[in-house]
Amino acid sequence: KLFKLFHGDFIDHWNSVRGKYAGRAGFVIGNGPSLRYEDLGRINNVISIASNKIYLAYPHTSWRPSFVTVIDNLVWADIKGTLQEHFDEVIVPWSMDLRGCNCKLKAYRYQGVVSGYCDKKEAPKFSNDLTKGIFGGHSVTYDNLQLAVHLGLNPIYLIGCDHYYSGEKSDHNGNPVASSTAQNHFVKNYRKPG
């Protein structure tokens, strides 16, 4: 049965883990093509935050992330039914539809806040307190950095963050972006055509 934290409960949960790892080093893992399995093997006993289909690395490494997040509704719809095969817990925005997950996965939720990139004249907004929410940054990595700060991780290292997707046409009209054959992730076939 899916464990859901309701509005009041998520504040209690995020309060309970705030600063829990204060002063400990941590890694935020991107899924870009620069990510190497051997790099993951080097951080086996370090706090790490990963996302989405990071489980595709599992056959190649004994490393497992401390925290896993999914923020994209399309990715969630694609993988939510199989996540329990790879993780015990996942962190998702409050708005994520948990129906159809029929699994033993614990879903810890947080309040999303309007994108921190709305006004290009201002610096991006950043939250260090998940009880108040997370600012969107058009990448799960931005959410993960805010989670890392909330947990007290210091220093925070980034690996596998390539900041560019080649061969994918951007559509600002709300239409899904069609994937290409470009190698934008650490493993082939991360995204299937369409």
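**Nonpolar cores and their surroundings**

In this predicted model, the largest nonpolar core comprises 24 residues, and I29, L40, V70, W76, L83 and V90 have the most contacts inside it. Such a core is a set of buried Ala, Val, Leu, Ile, Met, Phe, Trp, Tyr and Cys residues joined through side-chain atoms within 4.5 Å, where buried means under 20% relative accessible area (1.4 Å probe, protein chains only). At least two residues of this core come from each of β2 (26–29), α3 (73–79) and β5 (89–93), with α3 giving the largest share, three residues. Helices (H or I, at least four residues) and strands (E, at least two) are DSSP runs numbered from the N terminus. Local features need pLDDT of at least 70 and side-chain atom pairs count only at pLDDT 80 or more, while totals for chains, interfaces and linings use all residues. Residues are numbered from 1 along each chain as its sequence is written, and side-chain values use heavy atoms, without hydrogens and water.

Beyond four places in sequence, V70 touches (heavy atoms within 4.5 Å) N52, V75, W76, I79, L83, V90, I91, V92, P93 and M96. A second, separate core has 17 residues, among them Y108, L147, L151 and L153.

Turning to β5, four of its five residues are buried, so this strand is largely enclosed by the rest of the structure. It pairs (at least two DSSP bridges) with β6 (residues 106–110) in the parallel sense over five bridges, and V92 stands opposite R109 in β6.

G152 sits in the loop between α4 (140–151) and β9 (156–159). Because its relative accessibility is 18%, G152 counts as buried.

Key
Buried < 20%, exposed > 50% of the residue type's maximum accessible area, 1.4 Å probe, protein only.
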